[in-house]
Amino acid sequence: MAGDEAVLDVRGLRMRYGTNDVLKGVDFQARRGEVLALLGPNGAGKTTTIEILEGFRMRSAGDVSVLGVDPARGDEAWRARLGVVLQSWRDHGKWKVRDLLEYQAMHYAQYREPWDIDALVDVVGLAEHAEKRVSRLSGGQRRRLDVAIGIVGRPELLILDEPTVGFDPAVRREFHDLVHQLSDEDATVLLTTHDLAEAEKLADRILILAGGNVIADGSADQLSLRMATEAEIKWTLHGQRFVHTTTEATKFVHDLFKQHGDDVADLEVRRGSLEDTYMAMVREFESGNRDTAARDFLEVTR
Ligand SMILES: Nc1ncnc2c1ncn2[C@@H]1O[C@H](COP(=O)(O)OP(=O)(O)OP(=O)(O)O)[C@@H](O)[C@H]1O
């Protein structure tokens, strides 16, 4: 496969459950080694999209290519190139952690060298629990096991549906390091999350799904520039602290120095967070002219 070939290529994807049109023409692509975060309100269709990509759910219409294959026709060899971590935890309660991972690794061994199990339990923070039965793990530890099962076969594409729910901050940070490591090794990662700080930290690109369409596709920086969210500026002048919020931070700071020069001290400029941008984006989309908002946005970020 050529390095720049799309690992994910989704065009005009539609999904209807009964009379409910959940996806109305979703388009996006992902290249090798990219980390994509799929965001959107509850019920936007994130899990549905993921289930279609991994071949679990048949789409109603559209063209979908995952690692060069239509997921509706993916065979075992194709499946072995994917790692999938879903929201619902599959029940393996009686298995010991190490045995379960070794069993999973065996399945991949005919296709490629899987992770060494000691290294794997270490990297997901389960080394101390490797000999425990799965039913004895805490919720967060089970989630780590889900991630371990997802990556044991060294997937070219890793799909994660809300992977860090239940992670404590230390394990969350280790998980972020792991995603960066996988992406450095050229794996493509698509994850859903409701944690915007996590999306900002992890993702090269953010996709926002709302109303059945991708209403935004770009880096966190591109998204925030487009929405021109307000920045908070703080400074000290003659011992007094000032705060001002503006959408034109650069101009404001320039004027501030022009007026007060060296008397300006302790300057801080805090740009709007991805959360501010996301809220503004979804609000704009839900209130105004949805189609225009989406088209303008995509034109800027693509
Ligand atoms: N098997 C199904 N049959 C009928 N409707 C479904 C089915 N699965 C999902 N839906 C509906 O499709 C819509 C999208 O659901 P989906 O789970 O894909 O959203 P989501 O973006 O993942 O939501 P959340 O953030 O809450 O996890 C919802 O309205 C849901 O009720």
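Student: Where does D186 lie?

Tutor: D186 lies in the loop between helix 6 and strand 7, where helices are DSSP runs of H or I with at least four residues and strands are DSSP runs of E with at least two, both numbered from the N terminus. This is a predicted model, in which local features need pLDDT of at least 70 and side-chain atom pairs count only at pLDDT 80 or more, while totals for chains, interfaces and linings use all residues. Residues are numbered from 1 along each chain as its sequence is written.

Student: Why does D186 count as exposed?

Tutor: A residue is exposed if 12 or fewer other C-beta atoms, placed from the backbone, lie within 10 Å of its own, buried if there are 20 or more, and partly exposed in between. D186 has 12 C-beta neighbours inside 10 Å, so D186 counts as exposed. Its backbone also deserves a look, as D186 has a positive phi of about 85° although it is not a glycine. Most residues other than glycine have a negative phi.

Student: Why does H238 count as exposed?

Tutor: H238 has 8 C-beta neighbours inside 10 Å, and therefore it counts as exposed. H238 sits in the loop between strand 10 (231-237) and strand 11 (240-246), and its phi is positive, about 50°, although H238 is not a glycine.

Student: Why does I208 count as buried?

Tutor: I208 has 25 C-beta neighbours inside 10 Å, which is why I208 counts as buried. I208 belongs to strand 8, and, leaving out residues up to four places away in sequence, it touches L39, G40, V214, I215, A216, Y278 and M281; two residues are in contact if their C-beta atoms, placed from the backbone, lie within 7 Å. I208 and M281 are 73 residues apart in sequence, yet their C-alpha atoms are 8.8 Å apart in space.

Student: What makes strand 8 largely enclosed by the rest of the structure?

Tutor: Six of the six residues of strand 8 are buried, so the strand is largely enclosed by the rest of the structure. R205, L207 and L209 point one way, I206, I208 and A210 point the other way, and all are buried. In a regular strand the side chains alternate between the two faces of the sheet.

Student: How do you know that strand 3 and strand 8 pair?

Tutor: Two strands pair if DSSP finds at least two bridges between them, and strand 3 and strand 8 are joined in the parallel sense over four bridges, with L39 opposite I208. Strand 8 and strand 9 are joined in the antiparallel sense over five bridges, with L207 standing opposite D217. In the hairpin that these two strands form, two residues lie between the strands and G211 takes a positive phi near 60°.

Student: What is the order of the open sheet of six strands?

Tutor: The order is 5-6-7-3-8-9, with mixed pairing. Strand 5 (82-85) and strand 9 are the edge strands, each pairing on one side only. Within this order, strand 6 (residues 157-161) and strand 7 (residues 188-192) run parallel and are joined by five bridges, and L160 stands opposite L191.

Student: Which strands does helix 6 lie across, and at about what angle does it run to strand 7?

Tutor: Helix 6 (residues 169-184) lies across strand 3 (35-39), strand 6 and strand 7, running at about 145° to strand 7. Angles run from 0 to 180 degrees between N-to-C directions, and the axes are lines fitted to C-alpha atoms, for helices over the stretch in contact. Helix 10 (residues 274-287) lies across strand 3, strand 8 and strand 9, running at about 35° to strand 8.

Student: How is the protein chain divided into domains?

Tutor: The division is into domain 1 (33-52 + 74-222) and domain 2 (226-296), with bounds that come from an automatic or database domain assignment. Their centres, taken over C-alpha atoms, are separated by 35 Å, and their contact takes 13 residues from domain 1 and 10 residues from domain 2. On the side of domain 1 that touches domain 2, helix 7 (196-202), strand 8 (205-210), strand 9 (213-218) and helix 8 (220-227) each supply at least two residues.
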